[in-house]
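Open your viewer, switch to a cartoon view and get ready to click around.

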Amino acid sequence: MRFKTSVRNIQTFSKLTASLSSLGKVAWVRLDDDNVRFTIIPETGTQVWASLTIDSIFEDYTIQSAAPNNTINLELPLLPLHRALKSAINASSASIRLTKKDGVPVLSLTIITNTISSGNSANGFLNGNREDPFGEGNAFREESLDAGREREAVVTQDIPVRVLTAVSVEGIHEPRVREPDAHIILPSLIQLKAISDRFTKLALSTTSSGSTRNSSTNAPKLELAANMHGSLKLSIKTDALSIESVWTGLTNPELDPGQVGEEGGLEGHPSTKLRERGPGAWSTVRIDGRDWGRVLSVGRLGGRVIACFADENALILYVYLSNYEDATDESVLTYYISSFSI
């Protein structure tokens with residue numbers, strides 16, 4: 001079993017792990033000849049299924065195993081990986097390989113940083129206040145041999161991992177959700193996160209019960225709704241307040257007929273029926289405000305985000321990341337968020 005690669009885009013990889021680590025401590029990472037997949041399935045909260053093209057974050061990618069498609073499955077702690085990548089932001093290069101240290105499998109991240117050393121004058125003639133012993137207008141400048149020479153610093157950080165058998169992960173599958181009633185391209189996630197966090201904080205500040213503050217079950221629930229006429233609505237209601245923010249002029253992307261089930265086709269699709277009911281018809285979900293804020297941290301990666309609403313059931317976000325070279329949407333992060341009942 002072998003895995004070795006150079007990190008092509010350290011900043012993007014670091015932002016990705018920062019976003020993922022806010023939703024779970026451990027990820028199931030699946031590496032093969034075609035893709036790199038990160039999956040987070042916490043006990044409660046949002047599931048993440050990220051499928052990245054190799055070229056989006058890696059280059060000089062080498063993988064070999066006895067499994068079909070040279071697949072390697074790892075259980076990877078996200079925080080140590082993020083810390084290691086964060087320290088490599090200004091590095092000239094970084095590489096990762098799967099190896100063993102004292103019998104323990106690790107992902108070894110090697111960071112190379114180039115620095116320029118500054119030389120000092122050998123005899124002090126760089127000091128403009130020194131008297132010129134030769135009586136000339138300009139002093140001779142004698143510098144150390146390595147003045148201005150580029151030096152290379154190499155740092156290696158090891159992240160312990162578990163190598164998983166194919167049998168142990170074969171039963172893990174993406175959630176099945178019914179066809180969405182509405183799909184819409186979200187506005188700026190940075191703006192949406194700022195407003196969502198403010199709503200959640202206002203709701204928490206009006207809650208007098210300390211137990212409610214610490215209970216995920218009773219945490220503030222944001223109501224998010226979309227229609228098929230370009231509108232998105234975010235609101236929160238408690239005994240003490242009721243606030244709402246609405247975006248209009250957004251885009252409802254056209255469905256690909258090839259992706260729609262044969263039964264009813266496009267005409268019978270729930271989103272078509274919702275569109276026909278007019279702008280006053282909404283598909284609504286209720287989500288944990290704090291969990292939603294962590295989900296929206298993916299906004300640091302940029303990219304196009306499509307939200308699919310299964311009314312009173314689930315919200316699915318598709319975050320499309322541009323390919324490193326040709327800016328095509330090939331990598332996608334999928335977020336599954338269950339809706340709370342009233």
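How many helices and strands are there in the protein? Eight helices and 18 strands. Keep in mind that you're looking at a predicted model. While everything is still on screen, here's some background: the protein has 342 residues, and 44% of them count as buried. The accessible surface comes to about 18,600 Å², with 46% of that belonging to carbon and sulfur atoms.

**Stop 1: strand 13.** Colour residues 232-237, which make up strand 13. Is this strand largely enclosed or left open? Five of its six residues are buried, so strand 13 is largely enclosed by the rest of the structure.

**Stop 2: the strand 12 side.** Select residues 221-226 for strand 12, which runs antiparallel to strand 13 and is joined to it by four bridges. Click Ala226 and you'll find it opposite Leu232 of strand 13. Then follow the hairpin between these two strands: it has five residues between them, and Gly230 there takes a positive phi near 80°.

**Stop 3: the strand 14 side.** Now pick residues 242-247, strand 14, which pairs with strand 13 in the antiparallel sense over six bridges. Which residue of strand 14 is the bridge partner of Leu234? That's Ser245. Leu232 has a bridge partner in strand 14 too, namely Trp247. The hairpin joining strand 13 to strand 14 goes through four residues.

**Stop 4: Lys233.** Finish by showing the side chain of Lys233, which is found in strand 13. Lys233 is buried yet has no salt bridge. The nearest side chain of opposite charge is Glu244, 4.5 Å away, while a salt bridge needs the charged atoms within 4 Å. Show what Lys233 touches beyond its close sequence neighbours: among them are Glu223, Leu224, Val246 and Trp282.

Note on methods: Residues numbered from 1 in each chain as written. Predicted model: local features only at pLDDT ≥ 70, side-chain atom pairs only at ≥ 80, totals over all residues. Heavy atoms only, no water. Buried < 20%, exposed > 50% of the residue type's maximum accessible area, 1.4 Å probe, protein only. Pairing = 2+ DSSP bridges. Areas by Shrake-Rupley, 256 points an atom, 1.4 Å probe, with all protein chains shown as cover. Lys, Arg positive; Asp, Glu negative; His and termini not counted. Contact = heavy atoms within 4.5 Å. Lists of a residue's contacts leave out its neighbours within four places in sequence.
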